[in-house]
Amino acid sequence: MAVATTTQTGARPWWAGRRPPTPAWVGTVPFLAYVGVFLLWPTGIVVVDSLKNPNGAWAFSNISELGNPLVRGYFIGSFKLCVLSSVAGAVLGAILAYAVASGDPDGVGRRLYIAVSGVLAQFGGVTLAFAFLVTIGPVGLLFHASWYFDFPWGIGLIYTYFQIPLMVLVFLPAIDGLKVQWREASENLGASAWQYWRYVGGPLLMPAFLGALLLLFANALSAFATIQAWENQIAYIVPQQISTALSSEVGLSNVNVADLLALGMVILVAIVMTGYALLQRRAARWLR
Amino acid sequence: MSALIAAAKKEGTLNVIALPPTWANYGTIIDDFQKTYGITVNSTLPDGTSQQEVDAVKTENGTAKAPDVMDIGLAVALANTSLFAPYEVSTWSDIPAAQKDPNGLWYEDYGGYMAIGYSTKFGTITSLSQLLGPKFKGAVALNGNPTSANAALNGVMMANLAEGGTASNIADGVNFFAKLKAAGNFNPISATGATIKAGTTEVVFNWDYLNLPSYVGVPAGSWKVFIPQNAVLGGYYAQAINKDAPHPAAARLWEEFLYSQAASGGQNLWLEGGARPVEQQAMTSNSSINTSAASALPAVTGTPVFLTEAQNTAAANYLAANWAKAVG
């Protein structure tokens, strides 16, 4: 019987032409629901709970905690680590991306670099920290130096390990967008290589470079497992202190302080990502 | 006692929670209890935490699955005494007064002393100040962040006592770690069995029963444990009975078994697992202790110190304000 029903070829399905017109926004519902449940809802909880005391009553005085020198210290630590690793990652990554872009666009080398960067940009956490421990750690195979444990230098070095490949991935399209004709035009007008980069290439790439820098900054801000495996006896950065505030066994846990620290990070990320969006808009003009 | 055994056998079952079989010899203890009394032991959530034990008692209250007995960290025990039934085992008087609730709501069971485990490549360590010497460059680690992990807080407190500080003021301990940092000897890596095996944390402050070569997983000849003179800092777990225990007689019989001083009783079984049973002192005087197991423990000189709740809070607050500054 099933065969009989499916062989009625040519017959219009019963629902054909009877579908009510669907408003265009319906297509965005899955996306908005996802963002709502996994981004907006948790952010809302963080904001609300950071302004309450452990008994659930409103406590707007919590905000003054952000001025506490200890709390400020965690944000300064996070800021130092993010600036160090994102600047180092962006500069080295940009140079590498330029080298890759000047090679054969369909060559094996380029495909290899992109594939490897895609993998290494995601390499982090305990695995990465342990890999560094056994190579450059106290009894590592090569060149151990005591400054590896002077925050933020050693951990900054480790972070660049995933920052450089990420920079290659996000910066390569911008370099590819530099048209060879622009270079030829400036050379025809008698510009030196320095003048080309100073007046043409540099200004064109700068918004993309700064945008990528901000992306790297945000990427470093939330990393937690790597530093926790590298040096966890002191809280240097905000995510480490959030962990203490959530799970202290010695009576120092305070969920509301954890929420407040998280709120500080949300604000920081919002500022960075706004800057990123503005720079992207400028950079996109030249990449069409 | 025989009436208790009969009642417990009639119940036939005991529910225990958060007892890892490799921890303090619990695998053997559970087997022996089942064999001796013919009572089935249901062991749930073997790797659970103290807080999870309390949560299970609350959420499963009134069901046949609820835990009958708990083996619980002292801080969590003190915060939840309303869940416990008072009981005094027959060896009650052999538990030191500072290590039990006067009303019998909880009673410490086994534990250890804060100790320094170290690689034998350093020779023999006999005092804390040796750790400031140049050969310990980048070697000395705690087990976690002292504002967060209990073992790390006690590590700083132990250094504090060795440096002449008192249990009420941890400042000397923090100063010691600041000196260690200035000498370049402080190692901020998170110490685990894996880092000890890999040789990246060669000197580790941790409880002695978690600092034994067998527990860490290194050959016996390559790792030693040392407790500084007059810095004997104890940390013990506690037993408590659920006041709504589904098997109340079996729960009490279990406690009698754990606090039995017999050669095959709970106190000696814990000792054989490298933990220090709470009645050790009394058992040493009345010669019921397993002497070969006792002599395998790290040697100590001085009177054991146990932090009170107020001392613990004072130390935690001092660390919250000063730890990062001292070693950051």
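## Two domains in chain B

In this predicted model, 10 residues of domain 1 of chain B are in contact with 14 residues of domain 2 of chain B. On the side of domain 1 of chain B that touches domain 2 of chain B, the residues divide into 4 nonpolar, 5 polar and 1 charged.

Each domain is made of two stretches of sequence: the assignment gives 2–111 + 234–295 for domain 1 of chain B and 112–233 + 302–327 for domain 2 of chain B. Taken over C-alpha atoms, the centres of domain 1 and domain 2 of chain B are separated by 29 Å.

## Chain B as a whole

Chain B contains 13 helices and 10 strands. Its radius of gyration is 20 Å, close to the 20 Å that the globule rule gives for 328 residues, so chain B is as compact as a globular protein of that length. The C-alpha trace of chain B spans about 65 × 40 × 35 Å along its principal axes.

Of the 328 residues of chain B, 49% count as buried. Among the contacts in chain B with a separation of 6 or more, 73% are between residues 24 or more positions apart.

## Helix 9 of chain B

Helix 9 of chain B covers residues 248–258 and is mostly covered, with 9 of its 11 residues buried. The buried residues of helix 9 of chain B include Ala249(B), Ala250(B) and Ala251(B) at one end of the list, and Phe257(B) and Leu258(B) at the other. Arg252(B) and Glu255(B) are also buried, as are Leu253(B) and Trp254(B).

## Where chain A meets chain B

The contact between the chains takes 26 residues from chain A and 28 residues from chain B. On the side of chain A that touches chain B, the elements that give two or more residues are helix 3 (69–101), helix 5 (125–136), helix 9 (225–230) and helix 10 (238–247) of chain A. Helix 9 of chain A provides the largest share of that side, 3 residues. By class, the side of chain A that touches chain B has 14 nonpolar, 10 polar and 2 charged residues.

## Gly44 in chain A

Gly44(A) lies in helix 2 of chain A, which runs over residues 29–50. Gly44(A) counts as exposed because it has 11 C-beta neighbours inside 10 Å, and the cut-off for an exposed residue is 12 or fewer.

How values were computed
Residues are numbered from 1 along each chain as its sequence is written. Chains are lettered from A and ligands numbered from 1 in the order in which they are written. This is a predicted model: local features need pLDDT of at least 70, side-chain atom pairs count only at pLDDT 80 or more; totals for chains, interfaces and linings use all residues. Helices (H or I, at least four residues) and strands (E, at least two) are DSSP runs, numbered from the N terminus. The radius of gyration is taken over C-alpha atoms; the globule rule is 2.2 Å times the number of residues to the power 0.38. A residue is buried if 20 or more other C-beta atoms lie within 10 Å of its own, exposed if 12 or fewer, and partly exposed in between; C-beta atoms are placed from the backbone. Two residues are in contact if their C-beta atoms, placed from the backbone, lie within 7 Å. Ala, Val, Leu, Ile, Met, Phe, Trp, Tyr, Cys and Pro count as nonpolar, Asp, Glu, Lys and Arg as charged, and the others, Gly among them, as polar. Domain bounds come from an automatic or database domain assignment.
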